Amino acid sequence: MSFIPNTDADRSAMLEAVGVRSVEELFHDVPVDHRFPRIDLPAPLSELEVLRELDALARRNADCGAAPCFLGAGAYRHFIPSVVDSVISRSEFATAYTPYQPEISQGTLQAIFEYQSMIARLTGMEVSNASHYDGATATAEAVIMALNVAQGQRRRIVVSAGVHPQYRAVIRTYTQGMRLEITGDDADSSVEELAGMCDSATACVVVQNPDFFGRIIPPSSLSALAKSVHACGALLVAAVNPVSLGVLVPPGDSGVDVAVGEGQALGNTLSFGGPYLGFFAFRREHVRKSSGRIAGETVDRTGRRGFVFTLSTREQHIRREKATSNICTNQSLNALAAAVYLASLGPRGLRKVAELCWHKAHYAAQCIARLPGYKVHAAQFFHEFIVRCPISADETNRRLFQRHGIIGGYDLSREFSARGNELLICVTEMNSREEIDLLVTALSEVGHA
Amino acid sequence: MPEPLLFEKSRPGREGVSVPGCDVPQTAIPAALRRPSLPLPEVSEVDVVRHYLRLSHLNYCIDEGLYPLGSCTMKYNPKVNEAAARLPGFARLHPLQDPSTAQGAMALLFGLQRMIAEIGGFHSVCLQPSAGAHGELTGILLMRAWHGARGETRRNRILVPDSAHGTNPASTSMAGLEVVEIPSDTRGNVDLLQLRAQLDDRVAGLMLTNPNTLGLFEENLLEITRLVHEAGGLVYGDGANFNAMLGIAKPGLMGIDVMHFNLHKTFSTPHGGGGPGSGAVGVGEALAEFLPGPLAVQAKGMAGGEPRYEWRTPSRSIGRVKSFHGNFGVLVRAYTYIRMLGAEGLRAVAENAVLNANYLQSRLKDIYPVPHGDRTCMHEFVAQGKIAGAPDIRALDISKRLIDHGFHPPTNYFPLIVPEALMIEPTETESRETLDSFIEAMRTIAREAVSDPDLLHDAPHSSPVRRLDEVKAAKELKVTAG
């Protein structure tokens with residue numbers, strides 16, 4: 001099955017029109033010794049057979065929609081209203097290309113414009129682009145934007161150790177050819193200490209809020225940091241959790257210059273890590289230094305409102321090696337899912353989801369804190385917190401899964417070798433009280449050496 | 001009818017989805033942490049559904065008809081792909097679950113890595129990059145790291161043909177390397193003399209799109225890769241046009257050291273109006289240990305009668321280019337497609353894509369100039385939007401008029417080296433009748449251009465909006481609602 005409509009008769013007629021005798025002749029430019037190699041692949045399958053194979057593969061995974069799951073660490077399980085998949089499954093959205101012909105792409109362009117508007121309002125920023133690949137790459141692009149704003153005069157980046165370890169890794173990968181000094185994340189630092197690291201060579205300071213360990217940076221501290229960073233002439237970049245913004249003060253209100261983050265939590269399935277979307281919002285004054293596609297409003301020649309991609313002179317297809325980024329394809333359909341999610345929930349719905357996350361996580365933390373041998377870190381948190389276990393986090397998780405069918409928290413020793421007994425536990429609106437109580441009972445049972 | 005913005009439909013108090021009540025004791029949220037307001041639209045569920053349904057009607061898509069955007073490979077996206085990616089065991093799988101609870105997903109990733117490596121003739125494949133440009137950045141960083149590991153830090157130049165996609169030079173600069181442009185020769189190939197002149201000990205490598213953006217197979221491919229290697233450089237393959245090469249030739253065996261595959265082009269995953277995509281990267285053995293990690297690998301021992309999989313980060317990895325494991329949902333779709341086609345099906349894809357393109361080229365080149373129309377094209381060809389007897393008609397006018405005839409236009413004004421370029425790629429999933437109706441539309445437009453040029457200048461006439469003022473959009477920048 002190759003999804004090819006033409007028959008042998010069609011092909012014969014077309015070959016004749018082209019003036020060649022066989023399809024093989026069309027490939028005479030390909031070096032003859034390399035032409036038509038053997039490709040060793042499994043035998044082709046019908047739709048019935050391929051779905052059977054895939055279903056078998058899918059069933060070998062523990063589906064964390066079915067099991068009680070307390071894993072977060074950058075990818076979050078939230079309820080996705082049915083309307084989201086209904087919209088993003090539509091052929092008109094799913095099977096269109098990037099809207100290069102705006103007259104017949106107004107659906108995609110208006111949806112992106114509305115997505116940008118909602119992200120700007122959610123983050124309290126002035127401008128949003130059409131999305132980046134994920135939270136990690138959006139954070140790296142924010143760093144590059146800060147370098148561009150500094151016109152190459154500042155080569156130092158201060159990154160908080162509270163930024164997701166994978167985001168920090170991607171920042172380093174992206175910028176490895178740029179001769180930068182990236183500092184600040186070798187030890188846990190307070191907001192004041194981060195402010196102290198910022199100097200006249202610093203292009204930006206990058207923080208995460210709530211940070212990777214769940215801790216909230218209060219608006220007053222974030223504002224103070226922004227003031228210090230601006231006094232150095234640098235930008236403040238904050239990776240934020242979009243669901244938390246249903247209730248928490250948005251980064252724009254605290255003086256943040258670029259607010260980025262993982263948008264998956266807004267209506268996108270976990271899907272083993274992707275496709276997600278990186279949202280990217282910033283102050284208007286930096287728009288010409290920004291990366292990624294941006295939809296803008298205009299009119300057609302009859303004066304009707306319409307939308308186009310704008311400021312494309314920043315982009316690779318016009319500017320080539322002088323572009324602000326190489327990004328071209330982004331995560332349009334995932335951004336659409338986020339927009340439909342935000343529209344469906346509205347301000348009250350998103351606030352309620354955020355409040356449910358807060359209350360349930362705090363309830364879980366309070367119950368776990370009462371368990372002998374367990375300690376919950378004292379910091380103020382949103383929906384994720386650290387638990388120090390009496391035995392290794394790895395063994396705790398194994399027992400939780402094997403004995404109780406629970407997918408536990410994130411074992412911090414996977415990224416921080418000294419933190420062998422610490423679990424990062426995430427609780428969202430998806431976790432019922434019964435599930436939380438089950439986790440607490442299970443922890444008390446598995447916590448013996 | 002234009003569709004109002006969601007914000008314009010908003011009415012205070014209207015709600016969409018209902019959220020359950022709280023079933024645990026509540027903990028007060030400190031007032032200092034609370035945002036004062038959240039100005040999102042307030043709409044009901046039916047408002048949301050109708051809004052997006054109406055917006056969807058303003059889009060053209062591949063499920064509606066021919067979408068001959070050159071270099072974009074807009075082929076039909078099989079529906080089974082969607083069913084596969086939505087299986088609960090995939091869609092509801094957390095990326096940080098213990099590998100023992102994600103063996104099926106890891107088996108799929110491993111299997112896809114192996115299948116893509118086999119199709120392209122590569123040693124290893126990394127599935128992390130999310131798009132073609134992301135794969136390019138990964139590839140250039142790999143080349144840089146390889147030279148660095150050999151102490152050849154002087155090599156900071158990447159040669160890029162003038163026919164290349166804009167992402168090639170942009171990815172090169174992002175990786176901190178310098179771009180040197182190489183002109184094309186009269187046959188549309190890389191100019192060998194100019195290439196030779198640039199090959200010195202400052203060259204890190206060459207980026208080569210093959211077939212190139214003129215739709216032509218690089219006639220001197222083996223000599224080019226040999227020359228670059230002799231000069232100590234590496235060759236990067238831009239796989240945007242790999243649809244023409246499936247089962248026809250393996251780039252990895254023709255001197256391409258590293259290449260990205262656009263799974264959202266060649267391997268049928270839908271474009272989603274601009275993503276998500278996947279830019280999987282294949283490399284030869286020399287570069288394998290530099291790949292981003294972790295990769296799914298087969299471990300010793302078995303798990304429940306099946307091979308066991310684990311994560312492994314290559315020893316000299318350039319680092320992650322993305323969080324987690326790449327665009328997994330896109331990878332499931334590509335896996336499904338490759339499994340359904342098998343080796344024979346993939347070759348049939350390339351053969352039919354190339355036949356369709358040559359058929360269009362042969363039937364259109366007597367009306368529209370095709371600068372390299374004397375050559376056999378691959379999956380696409382570049383015509384010029386120039387019509388005898390209609391001197392003020394431009395490629396853009398022809399494209400916009402095609403919309404009135406019910407087709408998505410080809411790619412305009414690219415590649416940059418062909419004035420008034422119309423880059424046409426039909427793909428293999430179009431029938432002869434569809435191609436014939438496109439040819440007929442192009443012939444009609446050529447006649448209209450002479451008899452009534454304003455019909456073209458004012459086109460499109462039938463679309464939801466007419467030509468849009470892009471200058472105004474940039475000048476009076478409005479990128480958010482009210």
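Biologist: In this predicted model, how many of the five residues of strand 7 of chain A are buried?

Modeller: Strand 7 of chain A, which covers residues 278-282, is mostly covered in the predicted model. A residue counts as buried if 20 or more other C-beta atoms lie within 10 Å of its own, and in strand 7 of chain A the number of residues that are buried is five of five.

Biologist: Which residues of strand 7 of chain A point the other way from Gly278(A), Phe280(A) and Phe282(A)?

Modeller: In a regular strand the side chains alternate between the two faces of the sheet. Gly278(A), Phe280(A) and Phe282(A) point one way from strand 7 of chain A, and all are buried. Pointing the other way, and buried as well, are Phe279(A) and Ala281(A).

Biologist: Which residue of strand 7 of chain A is the bridge partner of Val127(A)?

Modeller: Strand 1 of chain A, residues 127-128, runs antiparallel to strand 7 of chain A and is joined to it by two bridges. Within this pairing, the partner of Val127(A) in strand 7 of chain A is Phe282(A).

Biologist: Which residue stands opposite Phe279(A) of strand 7 of chain A, where strand 6 of chain A also pairs?

Modeller: Strand 6 of chain A, residues 258-262, pairs with strand 7 of chain A in the antiparallel sense, and five bridges are found between them. The residue that stands opposite Phe279(A) is Gly261(A).

Biologist: How far apart do the C-alpha centres of domain 1 and domain 2 of chain A lie?

Modeller: Chain A is divided into domain 1, covering 83-342, and domain 2, covering 347-446. Contact between them involves 13 residues of domain 1 of chain A and 16 residues of domain 2 of chain A, and the domain 1 side divides into eight nonpolar, four polar and one charged. The C-alpha centres of the two domains lie apart by 29 Å.

Biologist: Which helix gives the largest share of the side of chain A that touches chain B?

Modeller: Between the chains, 171 residues of chain A are in contact with 168 residues of chain B. By class, the chain A side has 87 nonpolar, 52 polar and 32 charged residues. The largest share of that side, 23 residues, comes from residues 332-369 of chain A, which form helix 11.

Note on methods
Residues numbered from 1 in each chain as written. Chains lettered and ligands numbered in written order. Predicted model: local features only at pLDDT ≥ 70, side-chain atom pairs only at ≥ 80, totals over all residues. Contact = placed C-beta atoms within 7 Å. Helix = DSSP H or I, 4+ residues; strand = E, 2+ residues; numbered from the N terminus. Nonpolar A, V, L, I, M, F, W, Y, C, P; charged D, E, K, R; others polar. Domains from an automatic or database assignment. Buried ≥ 20, exposed ≤ 12 C-beta atoms within 10 Å, placed from the backbone. Pairing = 2+ DSSP bridges.
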